[in-house]
Amino acid sequence: MNARPRVAPHVAALPKSGIRKFFDIVAQSKDVVSLGVGEPDFDTPWHIARAAVTCLEDGGTHYTSNLGTPELRQAIARYLARRFKASFDWSKEILVTVGVSEAIDLAIRAICSPGDEVLYHEPCFVSYAPTIRLAHAVPVCVETSVTDEFRLTLEALERKVTPKTKAILLNFPCNPTGAVLSRDDMRAILAFAERHDLLILADEVYSELNYVETDGEGGDRRTLPSFSAFPEYRDRVILLNGFSKSWAMTGFRLGYACGPTDVIDAMMKIHQYGIMSAPTLSQAAGVEAMDHGDSEVARMRHEYRRRRDYLVPALNAMGLKTVLPKGAFYIFADIRATGLSDEDFAIRLLKELGVAVVPGSAFGPCGAGFVRMSYATSLEKIHLAVARMRKMLGGA
């Protein structure tokens, strides 16, 4: 008698992360300078970490509301109003999650029925298509191109939308390309969603790491662009964000979702049965980050920009054509002139020179011919990586 498979076919068919596959190789190597990890090299600012310590000392070791503590939801609402001019009712339009990854998963599962299509752009974070498939929905890739600086265009969206399309999942500033959207871009995409009766799932976890708006270009210097900042489209947008990148809080596993009450309520039900609540200590730290973390974010953003402004010209001088990233802390370097595939280039760079980067194809087929380099590491290490790469590529 044939035994039934123990693993569900739709799970067995999922690929493993291309990033983790590559870093299994990195872990076996010595004296490696890594430009691969998408994690801030800064420690969490102490006043934020101290809030978690104080919470523990005060006995904050119990469950919170499924939605999150009132204090954190109120702080998130204040922060969004201050930084994006976005308005959300903290009591019913904000859900605290275990990182933005859970928020993305909850949003897709809450809105999608089997067979619904979700548009998402590539290159993109590696979890998007698998997360859509796990909800028994259909991921539909919308390619972005270096010729458009990896921005998502209406023309590309129009080619892929169908009557089955339910939502658009997007991430700007973008991992892995560093691309950003202007307010005009966002407004055009929102109008497209209105025409086709779609929801926007906006993963804005890198929103604070925007080097355009923080210089006052294209908008009010005091605010950042966000899909949540257009009140006429507020019922179309589910904002997904977190604390990991902007406040260097990856280990706290803290995120949030904001949106229409019916969607947030549906997401909360899934969260309630699967997770219960985000960690209590992390939520206490989140309040401190929201209310008193702006100066620390500005300090880290300034340092990221300094690193970017060294690394991009250095890569261009070595013949790796690189579009200046305007957000996040990644460079998506074009390595096609070397004649190597992105995976062969990354393996050779690692084995011969001890520099780790991530093949662009890990972020989708249209990332082939590029590699992702993270500048969320010290300038000293970036200098060392560049010196090693010059041995292979030349350049000044």
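User: Why is cysteine 258 called buried?

Analyst: Cysteine 258 has 0% relative accessibility, so the residue counts as buried. Buried means under 20% relative accessible area, exposed means over 50%, and partly exposed lies in between (1.4 Å probe, protein chains only). This is a predicted model, in which local features need pLDDT of at least 70, side-chain atom pairs count only at pLDDT 80 or more, and totals for chains, interfaces and linings use all residues. Residues are numbered from 1 along each chain as its sequence is written, and side-chain values use heavy atoms, with hydrogens and water left out.

User: Why does cysteine 55 count as buried?

Analyst: Cysteine 55 is buried because its relative accessibility is 15%, and the limit is under 20%.

User: How many disulfides does the rule give?

Analyst: A disulfide is a pair of cysteine sulfur atoms within 2.5 Å. By this rule the count is zero. Cysteine 258, for instance, is in no disulfide, as the nearest cysteine sulfur, that of cysteine 112, is 19 Å away.

User: What makes glycine 115 partly exposed?

Analyst: The relative accessibility of glycine 115 is 35%, so this residue counts as partly exposed.

User: Which residues does glycine 115 touch, not counting residues up to four places away in sequence?

Analyst: With contact meaning heavy atoms within 4.5 Å, glycine 115 touches His136, Ala137, Val138 and Lys164.

User: What is the mean pLDDT of the chain?

Analyst: The mean is 93, and 93% of the residues reach 70 or more; pLDDT is the predictor's confidence in each residue, from 0 to 100. Over residues 215-219, however, the pLDDT is below 50.
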